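Colleague: Could you walk me through how to read the features of a new structure? I would like the general idea and then the case at hand.

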Amino acid sequence: MPKKKAQEKKFEDCIDVIDQEISKRRNKWTLTSIAWMDFDDISQILKIHIYKKWHLYDNSKPLAPWLNRIISNQLKNLIRNNYSNSVSYTHLTLPTNREV
């Protein structure tokens, strides 16, 4: 017997599941070094990223593990990229040409 092709899920149909998976991370977003980004901003960034990657989702597999992997990786990327941009180098002093 041939396998039945899984019905293709649309992003719009799964938005409730996506919101639920993202909201599970709300308590984990306590990074104060990125003060200009709150969790609502992060949530929007994650939704946009999931939307852009939606064509990579395999409908024959469960949605939640795929979403969790994307959300986890994207959170790590956001922290890495934004934290490295917000580090202050004011504690470093450059050598001067003046004699002491």
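This is a predicted model: local features need pLDDT of at least 70, side-chain atom pairs count only at pLDDT 80 or more; totals for chains, interfaces and linings use all residues.

Colleague: Let us begin with the core. Which residues have the most contacts inside the largest nonpolar core?

Modeller: They are Ile 18, Ile 50, Trp 54 and Trp 66, in a core of 18 residues. Helix 1 (15-23), helix 2 (39-53) and helix 3 (63-86) each supply at least two residues of this core. Helix 3 gives the most, with 7 residues.

Colleague: What is Ile 50 in contact with, leaving aside its neighbours within four places in sequence?

Modeller: Ile 50 is in contact with Phe 11, Ile 18, Ile 22, Trp 66, Leu 67, Ile 70 and Ile 71.

Colleague: Now the helix face. How should I read buried residues along a helix?

Modeller: Start with the general idea: an α-helix has 3.6 residues a turn, so residues three or four places apart point the same way. Here, Ile 18, Glu 21 and Ile 22 are the buried residues to look at in helix 1. Seen down the axis of helix 1, the buried residues fall within an arc of 100°, so they line one face of the helix.

Colleague: And the lysine: is Lys 47 buried or exposed?

Modeller: The cut-off for buried is under 20% relative accessible area. Lys 47 has 19% relative accessibility, so it counts as buried. Lys 47 sits in helix 2, and its side chain makes a polar contact with the side chain of Asp 19 at 2.8 Å. Not counting residues up to four places away in sequence, Lys 47 touches Phe 11, Ile 18, Asp 19 and Ile 22.

Colleague: Phe 11 keeps coming up. How many aromatic pairs are there?

Modeller: The count comes to 5 aromatic pairs. One of them joins Phe 11 and Tyr 51, edge-to-face, with 5.1 Å centre to centre and 80° between the planes. Phe 11 lies in the segment before helix 1 and Tyr 51 in helix 2, so this pair ties together parts that are 40 residues apart in sequence. Phe 11 is buried, with a relative accessible area of 12%.

Definitions and conventions
Residues are numbered from 1 along each chain as its sequence is written. Side-chain values use heavy atoms; hydrogens and water are left out. A nonpolar core is a set of buried Ala, Val, Leu, Ile, Met, Phe, Trp, Tyr and Cys residues joined through side-chain atoms within 4.5 Å. Buried means under 20% relative accessible area, exposed over 50%, partly exposed in between (1.4 Å probe, protein chains only). Helices (H or I, at least four residues) and strands (E, at least two) are DSSP runs, numbered from the N terminus. Contact means heavy atoms within 4.5 Å. A polar contact is a pair of N or O atoms within 3.5 Å; within protein, one must be able to donate a hydrogen and the other to accept it, and residues adjacent in sequence count only if both atoms are side-chain atoms. The arc is that of the directions from the helix axis to the C-beta atoms. Rings of Phe, Tyr and Trp (its six-membered ring) pair if their centres lie within 6.5 Å; planes under 30 degrees apart count as stacked, over 60 as edge-to-face and the rest as tilted.
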